[in-house]
Amino acid sequence: MTSLDSIVASQPILPFDIESIRADFPILKLKVDGHPLVFLDSAASSQMPQQVIDRLVRYQTTQHANIHRAVHYLSELATAEFEQARHKLQHFINAREDREVIFTSGTTESINLVMHGYGRKFIGPGDEIILTVLEHHSNIVPWQMLAEERGARIRVVPINDAGELLIDEYENLFNEHTKFVSVIHVSNALGSINPVKQMIEFAHAHGVPVLIDGAQAAPHMKIDVQDLGCDFYVFSGHKMCGPTGIGVLYGKADILERMQPFKGGGDMILSVTFEKTIYNIIPQKFEAGTPPIAAAIGFGAAVDYLSAISLEAIAAHEHALLNYATEQIRLLPGVHIVGNAALKAAVLSFVVEGVHPHDIGTLLNQQGVAVRTGHHCAQPVMQRFRIPATSRASFAFYNTMDEVDTLVEAISSAQKVFA
Amino acid sequence: MHSKSLYQEVILDHNRKPRNYGTLEHSTHHAVGHNPLCGDRLVIALNLDGQNIEGIAFHGESCAICKASASMMTSVVKGKTRSDAEILIQEFRDMALGKLDPSDENHLGRLTVFAGVRNLPTRVKCAILPWHTLHAALNSINSTSTEAADDPMHAPVDRAS
């Protein structure tokens, strides 16, 4: 193929057998209003393969009891399976030790844990916290609550028109008051992949710890927390083919040990008297109460599933989908892609001239195409582009080039309704 | 009902050429309605002469369902009394929430074209926002929202006194 036209018109070859992958996901066989479901909302929550569903069923049918408590067979079995899941997650992100993996209810709780456990202990009046315009509300609001309580200040890294962070501006924000940096790895609203390794190195040169919000990155690319060097890395199970209600806070052991507990309760203590409580060691210090045991084990099965396909193959496939969708949507007159960063992952946000995103969402749904419409919990991003909302198609490794074609045709037919 | 039937020609027409779109030179009442979930924002201005709605206009940023609903609403209530308007507000809201069947006796007339939203829970508020904002304006409330304490899905609509 030599001409650009023939490249644009043809679908690229995929790195794995997509039909056998799709066969693992029973929900993808659904029909919506008589149309095959085209699920392009995995950035909000991904679908679950039969392997993970089966693992949840096996746990509930043959392995369930409370963990870390009793000496009986089931409790020991459930504890071993739960800790095995932690071990799988440790390997998945290449953490040094499994005690650096804290199970939480998800990315939001992970960030709140760091805000309470680290922020309330180490950030005080006049201190500054650096965030970026691209942050999800879950990486803005906890820090605002902290800033208000402690008299600290939020500084915000701006972006350019393509949706890329202005790294010079980031570096200029540092001063003697800078005490924390919290940055989204992949923008959920625009798909921009941020140069977090470079940002972490710069922050560390100033002695400032860094949290990376990996909710949109961990499902789509190989994460190596030791290579990144971040102090905290947070992500959710349900965006990675796992269950809802489970997520991870990775933290360097020495920092986790210096932090104060987030929630008080059972399991997070060594001894309790009314005079004094001795807290447990990490990770239990941060896992008060009975955790979502089944969800954690399901999360372990989900990362096994992703690793078996390989994150490299997943990234390559999703990159091909994104490139093809970008090329095809750019051919539609009156449709504008919001967010054109040089490095993007799996997310395509767009607006259609003269048609509100909510109408696009409803009309696409008529064709069986599920996209997200709205501000994507990233209102500062919308304000930056002076738009109230976008429509967002997000891709997973179980999506196909034919589904991209269906999306493009559905956008085109929605435009005709409003012509 | 299939969502396709929501985008009927009459709704598309009112979206394309909204009636009473703009501002009033002399308004006695006005209100701003927000739907924070989708960023929709609608301003409604009224000119009340005693109990009569002499003039009405709207403007703002919204989806087609909301804009068409506002356009048809302003056309229908113009020249009516405020108590007639409040009856329509109540009936429209009940229809959108599925509490009133469009085939039951009502005063909605061609506004029943919006009956399809009851099957699209995420779009009900789009259709209701103009009516909710009109109700606020009639009751001299200058700002309202489709969320929290002002949520029309839960908050009772008090008849204007």
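This is a predicted model: local features need pLDDT of at least 70, side-chain atom pairs count only at pLDDT 80 or more; totals for chains, interfaces and linings use all residues.
1. β8(A) and β9(A), the latter covering residues 232-236, run parallel and pair over three bridges. Across this pairing, A:Asp213 stands opposite A:Val234 in β9(A).

2. β8(A) has another partner. β7(A), residues 178-184, pairs with β8(A) in the parallel sense, over four bridges. Here A:Ser182 has A:Leu211 of β8(A) as its bridge partner.

3. Look next at the side chains of β8(A), residues 210-213. A:Val210 and A:Ile212 point one way. A:Leu211 and A:Asp213 point the other way. Are these residues buried or exposed? All are buried. That includes A:Asp213, the residue opposite A:Val234.

4. Now the aromatic rings. Over all chains, the count comes to 20 aromatic pairs. One of them is formed by A:Tyr118 and A:Phe180. Their centres are 5.5 Å apart, and the angle between the planes is 40°. The pair is tilted. It links distant parts of the chain: A:Tyr118 sits in helix α5(A), residues 107-122, and A:Phe180 in strand β7(A).

5. A second ring pair has another geometry. The ring centres of A:Tyr170 and A:Phe174 are 5.1 Å apart and the planes meet at 90°, so this pair is edge-to-face. A:Tyr170 has a relative accessible area of 0%, so it is buried. A:Phe174 has a relative accessible area of 9%, so it is buried as well, the cut-off being under 20%.

6. Turn to the pockets. The largest pocket holds about 620 Å³ of space. It is lined by 27 residues. Nearest its centre lie A:Val371, A:Arg372, A:Thr373, B:Thr122 and B:Arg123. Both chains A and B are therefore represented there, by the residue names.

7. Which element gives the most to the lining of the largest pocket? α13(A) does, with four residues. In chain A, α13 (357-366), β15 (369-370) and β16 (372-374) each supply at least two lining residues. By class, the lining has 11 nonpolar, 12 polar and four charged residues.

8. The second largest pocket holds about 400 Å³ of space. Of the 23 residues that line this pocket, A:Gly354, A:Val355, A:His356, B:Glu61 and B:Ser62 are closest to its centre. Elements giving two or more residues to the lining are β14 (347-352) and α13 of chain A, plus α1 (9-16), β3 (52-61) and α2 (64-77) of chain B. α1(B) gives the most, with three residues. By class, the lining of the second largest pocket has 11 nonpolar, six polar and six charged residues.

9. A last point on α13(A). This helix supplies at least two residues to the lining of the largest pocket. It also gives two or more to the lining of the second largest pocket.

Definitions and conventions. Residues are numbered from 1 along each chain as its sequence is written. Chains are lettered from A and ligands numbered from 1 in the order in which they are written. Side-chain values use heavy atoms; hydrogens and water are left out. Buried means under 20% relative accessible area, exposed over 50%, partly exposed in between (1.4 Å probe, protein chains only). Two strands pair if DSSP finds at least two bridges between them. On a 1 Å grid over the protein atoms alone, a cavity is a set of points where a 1.4 Å probe fits but cannot get out, and a pocket is an open set with protein on both sides within 12 Å along at least five of seven lines; lining residues have an atom within 4 Å of a point. Grid points are joined across faces, edges and corners, and a volume is the space filled by probe spheres set on the points. Ala, Val, Leu, Ile, Met, Phe, Trp, Tyr, Cys and Pro count as nonpolar, Asp, Glu, Lys and Arg as charged, and the others, Gly among them, as polar. Rings of Phe, Tyr and Trp (its six-membered ring) pair if their centres lie within 6.5 Å; planes under 30 degrees apart count as stacked, over 60 as edge-to-face and the rest as tilted.
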